[in-house]
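This report describes how one protein chain is arranged. It is written to be read alongside the sequence and the structure displayed below.

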Amino acid sequence: MKISRAKPLLGTLVEISVDGLDEDAAHCVIDRGFAAVAEIHTLMSFYDAASDVSRLNAHGTFGVQVHPHTRAVLLRAQEIAEHSEGLFDITTAAHLVNWGFLPAPMSTQPPESAASWRDISIADHVVRFSQPLWIDLGGIAKGYAVDCAVTAMDLPAHVQVVVNAGGDLRVSGPRAEPVLLRSTLVTDTVPVVEIADGALASSGGREHQRPFHGNFVGPHVGRGGSSVGTQRFVSVAARDCVTADALTKVVLAAGMNAEPILGHFGAIAYFYEAGAGWVTLQSA
């Protein structure tokens with residue numbers, strides 16, 4: 001029996017489907033999945049003054065002890081920033097505030113314009129900024145929350161599970177799930193990919209290539225993007241959703257040059273650019 005439920009979390013609608021359990025058991029494990037997502041929502045919200053993100057934005061230069069989940073996301077963000085040479089950068093929040101995408105956080109120290117992911121140090125569970133900066137985990141936390149939901153449900157291999165958070169999804173179980181790569185940018189054929197025991201995340205639009213000092217930044221896209229105003233859409237398939245979520249921003253910025261980065265993380269991208277159509281990107 002397939003049981004599906006949805007809840008508004010992470011700024012989107014999160015849907016969890018379970019197939020292979022009786023109704024009561026399915027609802028029980030779905031509750032565990034939603035509880036895991038809600039915890040990540042609370043810890044990493046840019047808008048909640050009590051979240052780890054808000055406490056870091058307010059006091060990061062003094063050092064802030066964070067939850068193990070927050071530490072895990074920060075470490076993965078640092079890893080992807082390093083391998084993408086800063087194309088993925090969680091410290092672009094100040095630019096998002098300036099553009100009106102995010103409200104200004106409660107902070108007594110204005111962020112330094114030159115601050116980047118390299119100014120974040122993580123020792124045990126204490127995070128410290130070497131100069132004032134603001135972070136936003138919106139480009140990676142949703143994928144991590146999806147992974148946490150699957151882990152929290154802890155289901156046997158014969159049970160089919162799909163967690164979908166606004167297009168960031170994770171599949172676990174005996175069957176592949178077909179996924180349409182839909183976007184408002186795509187006016188011709190819509191591809192279908194199958195995801196089995198893995199994840200897929202999608203992102204697109206012009207907002208990821210905003211100009212900044214001759215290069216480009218956007219929601220978690222650091223300096224060094226590609227052509228300004230280019231309409232792009234990307235879906236990234238990876239082993240876990242946290243990686244797929246973050247890499248969508250890298251591919252939007254790097255375009256065809258993203259293949260080595262995708263290869264490092266064992267990921268594949270389905271990339272659409274207006275006027276050029278679909279291309280599959282993966283490292284040999």
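The sections below treat the sheets, the helices, the salt bridges and the aromatic pairs in turn.

## Basis of the report

The structure is a predicted model. Every value quoted here is therefore to be read as computed from that prediction.

Ala 199 is placed opposite Ala 238 in E13.

## The three-stranded sheet

A further open sheet consists of 3 strands in the order E3-E5-E4, again with antiparallel pairing. Its edge strands are strand E3 (64-65) and strand E4 (120-123), each of which pairs on one side only. Strand E5 (residues 126-129) runs antiparallel to E3 and is joined to E3 by 2 bridges. In this pairing, Gln 65 stands opposite Val 126 in E5.

Helix H3 (residues 68-83) lies across E4 and E5. The direction of H3 is at about 130° to E4.

## Packing of H1 and H5

Two packed helices are described by the angle between their axes and the distance between the axes. For helix H1 (residues 23-44) and H5, the axes come within 8 Å and cross at roughly 150°. The crossing of H1 past H5 is right-handed.

Residues on both helices form this contact. On H1 they are Val 29, Ile 30, Arg 32, Gly 33, Ala 36, Val 37, Ile 40 and Met 44. These meet Ala 141, Tyr 144, Ala 145, Cys 148, Ala 149, Ala 152 and Met 153 in H5.

## Salt bridges

Side chains of opposite charge can pair when their charged atoms come close. The structure holds 8 salt bridges. One of them joins the side chains of Asp 19 and Arg 175, with an N to O distance of 3.3 Å. Asp 19 lies in strand E2 and Arg 175 in the loop between E7 and strand E8 (177-180), so this pair ties together parts that are 156 residues apart in sequence. Asp 19 is partly exposed, at a relative accessible area of 22%. Arg 175 is also partly exposed, with a value of 39%.

The side chains of Asp 240 and Arg 76 form a salt bridge as well, at 3.7 Å from N to O. Asp 240 is located in the loop between E13 and H6, whereas Arg 76 belongs to helix H3, so the pair connects parts that are 164 residues apart in sequence. Arg 76 counts as partly exposed, at 23% relative accessibility. Arg 76, Glu 79 and Asp 240 are linked in a network of salt bridges.

## Aromatic pairs

The structure contains 4 aromatic pairs. The ring centres of Phe 233 and Trp 278 are 6.0 Å apart and the ring planes stand at 90°, so this pair is edge-to-face. The pair links distant parts of the chain, with Phe 233 in strand E13 and Trp 278 in strand E15, 45 residues apart.

Phe 233 is buried, at 5% relative accessibility, whereas Trp 278 is partly exposed, with a relative accessible area of 24%. Ring pairs join Phe 233, Tyr 272 and Trp 278 into a cluster.

Methods:
Residues are numbered from 1 along each chain as its sequence is written. This is a predicted model: local features need pLDDT of at least 70, side-chain atom pairs count only at pLDDT 80 or more; totals for chains, interfaces and linings use all residues. Side-chain values use heavy atoms; hydrogens and water are left out. Two strands pair if DSSP finds at least two bridges between them. Helices (H or I, at least four residues) and strands (E, at least two) are DSSP runs, numbered from the N terminus. Contact means heavy atoms within 4.5 Å. Axes are lines fitted to C-alpha atoms, for helices over the stretch in contact, and angles run from 0 to 180 degrees between N-to-C directions. A salt bridge is a side-chain nitrogen of Lys or Arg within 4 Å of a carboxyl oxygen of Asp or Glu. Buried means under 20% relative accessible area, exposed over 50%, partly exposed in between (1.4 Å probe, protein chains only). Rings of Phe, Tyr and Trp (its six-membered ring) pair if their centres lie within 6.5 Å; planes under 30 degrees apart count as stacked, over 60 as edge-to-face and the rest as tilted. A crossing is left-handed if the near helix is turned anticlockwise from the far one by less than a right angle, and right-handed if clockwise.
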